[in-house]
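This report concerns a predicted model. The sequence and structure are shown here for reference.

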Amino acid sequence: MVATIAAGIAGCDRQSGGDKQPPEASASAPSSAPNAEGAALDRSHKGSQLPALTFRDAQGKEINTASLKGKPLLINLWATWCGPCIAELPALNKLAAGGRIRVLTVSQDSESAKAKVAAFLKARGGDALEPWLDPEGAAATQWQVGTLPASIYYDAQGREVWRINGGKDWAGAEAAALLAEQ
C-alpha cells in the first residue's frame, strides 16, 4: 500500500510538464466526483477522531495532532515540488493568519529537503504557516492520500468533517461554506 501511495503522491510533479494531478492512485481511498477546481470532496470519514500523529520541524521541535483539539483544524499535506500545493499556499496563509481555524501544513518532502521547507514557505508569503515535516509519509498513509495537495478538516472536538484531494481555492465562497461546517 505504501508503494501505491508513494506512486500517487509522486504524480504531483510540476516539473513533468503536466498541469493536473493524476486521479487517485489508491484503490482503498474513497472516490468522489471532482469539483470545478479538480478537487474531490470526501465526506465518507465524517465523525472519525483525529489520529495522534507526531510531526517535527527542521530543528526537531515536535507537534502531536492529539493536542490540537479546541478549535477547527485544517491539515494540509503538501510538497515543495507540487504545483497545485504551491498555488494554495497564499490562501492557506490567509486562513492561518485569520486565527479562526488552525492550519497545519505538513510537508511530504523527503528527509533531504527538510531544511528548505521553512524558507520555501517564507519566500512564498507563508509567514503564518508552520513548516511541519513528515518525510516518512505517516500522514499520507494514515489518511490514504493518493495525490497532493490533500486537506483534512476537523471540528473543534477533533472529529473529521471532510477531506479534499486536490487543489482548492481556499479564498473562494465554496471554501468558506465548507470551512463553516461542523
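## Nonpolar core

The largest nonpolar core comprises 46 residues, and the members that touch the most others are Ile75, Leu77, Leu104, Trp143, Trp162 and Trp170. Helix H2, spanning residues 83–98, gives the most to this core, with seven residues.

Beyond its neighbours within four places in sequence, Ile75 is in contact with Leu50, Thr65, Leu104, Val106, Trp143, Ala150, Ser151, Ile152 and Tyr154.

## Lysine 61

Lysine 61 lies in the loop between strand E2 (54–56) and strand E3 (62–64). Its relative accessibility is 53%, so lysine 61 counts as exposed.

Tryptophan 132 is 71 residues away along the chain, and the two C-alpha atoms are separated by 9.0 Å.

## Salt bridges

The structure holds six salt bridges. One of them joins the side chains of glutamate 181 and arginine 43, at 2.5 Å from N to O. This pair links distant parts of the chain, 138 residues apart: glutamate 181 is in the segment after helix H5 (173–179), and arginine 43 is in the loop between strand E1 (40–42) and E2. Glutamate 181 is partly exposed at 22% relative accessibility, and arginine 43 is partly exposed at 37%.

Arginine 159 forms a salt bridge with aspartate 155, with the closest N and O atoms 2.9 Å apart. Aspartate 155 is buried, at 4% relative accessible area, whereas arginine 159 is partly exposed at 35%. In the salt bridge between glutamate 174 and lysine 168 (3.3 Å, N to O), lysine 168 is buried at 6% and glutamate 174 is partly exposed at 43%.

Methods
Residues numbered from 1 in each chain as written. Predicted model: local features only at pLDDT ≥ 70, side-chain atom pairs only at ≥ 80, totals over all residues. Heavy atoms only, no water. Core = buried A, V, L, I, M, F, W, Y, C linked by side-chain atoms within 4.5 Å. Buried < 20%, exposed > 50% of the residue type's maximum accessible area, 1.4 Å probe, protein only. Helix = DSSP H or I, 4+ residues; strand = E, 2+ residues; numbered from the N terminus. Contact = heavy atoms within 4.5 Å. Salt bridge = Lys/Arg side-chain N within 4 Å of Asp/Glu carboxyl O.
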